[in-house]
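Please go through the following questions with the sequence and the model at hand.

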Amino acid sequence: MPKKRYLEAGQVVGTHGIRGELRVQPWCDSPEVLASLKTLYFDEGRTPLRVKSRPHKNVTLIQLEGVDTVQDAAALRGRILYLDRGDLKLPEGQYFIQDLIGLSVVDADTGETYGTLSEVSPTGANDVYHVDRGDGEVLIPAIADVVVDTDLDAGVMRIRPIKGLFDDEN
């Protein structure tokens, strides 16, 4: 499955000040990650935007080139901003959530297919993977003791479930 070049990075949720700064709710790891980018995009990557950004509490404040008034900024409320995956270098073993969605989740030892990864929920300690089994959903902690291997090219995540994770285990 080809990877999308442009990924949803956040949403404009309001304005800040009177000079056209946008308040953006980041959809990445942190406001700092979003603030590190110099170019963002509208229209699923079709419209590049030169930006100056800074983290501010739980949001990122972004100044777009050509947006200089609070009225111009207010007109952008609700718009989705995208990033180019090539602009971010992920550490080894970290993945874009959008690349994980749809992976087949299989047992690392038996090869049994448990289902499809359908959602990722961030929690305080670690992320939680939602696995759609067809007849319900199972939540899997995204920890090294459970997730053995993630192979995006093959479309597979191999896990070693902890005792009691699936109802049919003893």
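**Strands, turns and a threonine**

Glutamate 44 sits in the loop between strand E3 (39-42) and strand E4 (47-56); strands (E, at least two residues) and helices (H or I, at least four) are DSSP runs numbered from the N terminus. The model is predicted: local features need pLDDT of at least 70, side-chain atom pairs count only at pLDDT 80 or more, and totals for chains, interfaces and linings use all residues. Residues are numbered from 1 along each chain as its sequence is written, and side-chain values use heavy atoms, with hydrogens and water left out.

Q: Is glutamate 44 buried or exposed, and with what relative accessible area?
A: Glutamate 44 is not a glycine, yet its phi is positive, at about 55°. Buried means under 20% relative accessible area, exposed over 50%, and partly exposed in between (1.4 Å probe, protein chains only). Glutamate 44 counts as exposed because its relative accessible area is 52%.

Q: Which residue of E4 is the bridge partner of threonine 39?
A: Two strands pair if DSSP finds at least two bridges between them. E3 and E4 are antiparallel and share four bridges. Their hairpin has four residues between the strands, and aspartate 43 there takes a positive phi near 55°. The E4 partner of threonine 39 is arginine 50.

Q: What is the phi of lysine 57 in the turn between E4 and E5?
A: E4 runs antiparallel to E5, joined by six bridges, and serine 53 has isoleucine 62 as its bridge partner in E5. Lysine 57 lies in the loop between E4 and strand E5 (59-64) and is exposed, with a relative accessible area of 74%. The hairpin has two residues between its strands, and the phi of lysine 57 is positive, about 60°.

Q: Which residue has its backbone oxygen 3.1 Å from a polar atom of the threonine 60 side chain?
A: Threonine 60 belongs to strand E5 and counts as buried because its relative accessibility is 0%. The backbone oxygen at 3.1 Å is that of proline 31.

Q: Which are the edge strands of the six-stranded open sheet?
A: The six strands follow the order E10-E9-E8-E7-E12-E11, with mixed pairing. Strands that pair on one side only are the edges: strand E10 (137-141) and strand E11 (147-151).

Technical notes
Polar contact = N/O pair within 3.5 Å; in protein donor to acceptor, adjacent residues only side chain to side chain.
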